[in-house]
Structures are given as C-alpha cells and as structure tokens.
Amino acid sequence: MTSSSTQGIKTVLHPVSDLAAAKAVYTALLGVPPQADESYYVGFEAGGQHIGLVPAGGPQSMTSPVAYWHVPDIEAKLAEVTAAGATVKEPAHDVGGGRLVATVTDPDGNVLGLLQDAER
C-alpha cells in the first residue's frame with residue numbers, strides 16, 4: 001500500500017430538492033437525528049458512515065449522490081488518479097475545520113469524491 005491508499009468510502013453526499021422532506025426520510029431510514037442541521041447542509045453519522053444532504057446540489061452543482069473516498073493525502077491521490085486518466089472536476093479545498101475535499105471524473109464521467117480529514 002502506498003501512503004496515499006484509500007481508507008474506504010465513509011462519506012456519501014446526496015443532492016436534495018426539499019431539505020426538510022429529505023431530512024425526515026433519512027432520519028427514519030438511519031434511526032438517528034442529524035448531527036449537523038443547517039439550511040445549507042444536514043449531516044448524519046450512522047454505522048460508521050457520514051450521510052450528507054445538500055440542498056439543490058450545493059455549490060458543486062451535484063446532480064447525483066457522490067461517494068467520498070477518505071485518503072490520508074488528497075494531493076498525492078489526486079496526482080495518482082489524474083495520472084491514471086481521471087479529470088479534476090473540483091480541486092482540493094477546505095470545507096471547514098481543515099477537512100479537504102475534491103472531486104474527479106473517471107473516463108466515463110462518473111464523479112468520485114476524495115476527502116482528507118484534518119490531522120488531529
């Protein structure tokens with residue numbers, strides 16, 4: 001394994017058109033209340049997974065769910081996947097608290113998310 005090996009999919013973001021309605025459905029599905037509940041984002045922690053609801057696809061203009069692969073070094077992983085044929089859709093950027101996210105598209109246009117948590 002290289003230093004930029006993935007730690008698995010731990011985060012999935014879903015674009016939603018009605019945040020309140022989606023929050024009710026995901027609360028029932030997951031059996032837990034949201035940990036983050038803002039007008040721009042609702043996030044749940046359940047079974048070791050983070051499930052996020054993003055109104056209108058957020059600034060990323062998401063049109064379908066995006067799975068985020070957690071990685072220890074986002075820049076190294078971006079270099080690896082682009083060298084292998086992926087295209088950067090959204091470069092690495094901080095979304096708060098030192099958490100970095102980026103998205104790439106594979107050769108078929110599928111969106112793949114990368115996420116690096118801040119070092120603790």
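Let's start in a loop. Serine 61 is found in the loop between β4 and β5. This is a predicted model, so keep that in mind throughout. Serine 61 is not a glycine, yet its phi is positive, at about 55°. Is serine 61 buried or exposed? Serine 61 is exposed, because its relative accessible area is 52% and exposed means over 50%.

Now step back to the record. UniProt, in an unreviewed entry, places a feature called "domain: VOC" at residues 8-117. In the model, that span is 45% strand and 20% helix.

Eight strands, so what is their order? Reading across, we get β2-β3-β4-β1-β5-β8-β7-β6. The sheet is open, and its pairing is mixed. Which strands stand at the edges? They are β2 and β6, the latter covering residues 87-94. Each has a single partner strand, so one side of each is left without a neighbour in the sheet. From one strand to the next, the twist averages 20°.

A quick reminder on sheets in general. Strands pair through backbone hydrogen bonds, and the pairing is either parallel or antiparallel. We have both senses here, so let's walk through some pairs.

Strand β2 is residues 36-38, and it pairs with β3 in the antiparallel sense over 3 bridges. Across that pair, glutamate 38 stands opposite tyrosine 41 in β3. The two strands form a hairpin, with 2 residues between them.

Move on one strand. β3 and β4 run antiparallel, joined by 5 bridges. β4 covers residues 49-55. Here glutamate 45 stands opposite histidine 50 in β4. This is a hairpin too, with 2 residues between the strands. Glycine 47 in the turn has a positive phi of about 60°.

How many residues of β3 are buried? The count is 5 of the 6 in residues 41-46, so β3 is largely enclosed by the rest of the structure. Buried here means under 20% relative accessible area.

β1, residues 9-16, pairs with β4 in the parallel sense, over 6 bridges. In that pair, valine 16 stands opposite proline 55 in β4.

Last stop, the largest pocket. It holds about 540 Å³ of space. Which of its 21 lining residues are the closest to its centre? They are Leu13, Tyr41, Val95, Arg99 and Val101. Which strands each supply at least two residues of the lining? β1, β4 and β6 do.

To recap. The model is predicted. Thanks, that's the tour.

Definitions and conventions:
Residues numbered from 1 in each chain as written. Predicted model: local features only at pLDDT ≥ 70, side-chain atom pairs only at ≥ 80, totals over all residues. Heavy atoms only, no water. UniProt positions renumbered as here; feature names shortened; annotations may be inferred. Helix = DSSP H or I, 4+ residues; strand = E, 2+ residues; numbered from the N terminus. Buried < 20%, exposed > 50% of the residue type's maximum accessible area, 1.4 Å probe, protein only. Pairing = 2+ DSSP bridges. Axes fitted to C-alpha atoms, helices over the stretch in contact; angles between N-to-C directions. 1 Å grid on protein atoms, 1.4 Å probe; cavity = no way out; pocket = protein on both sides within 12 Å on 5 of 7 lines; lining within 4 Å. Points joined across faces, edges and corners; volume = space filled by probe spheres on them.
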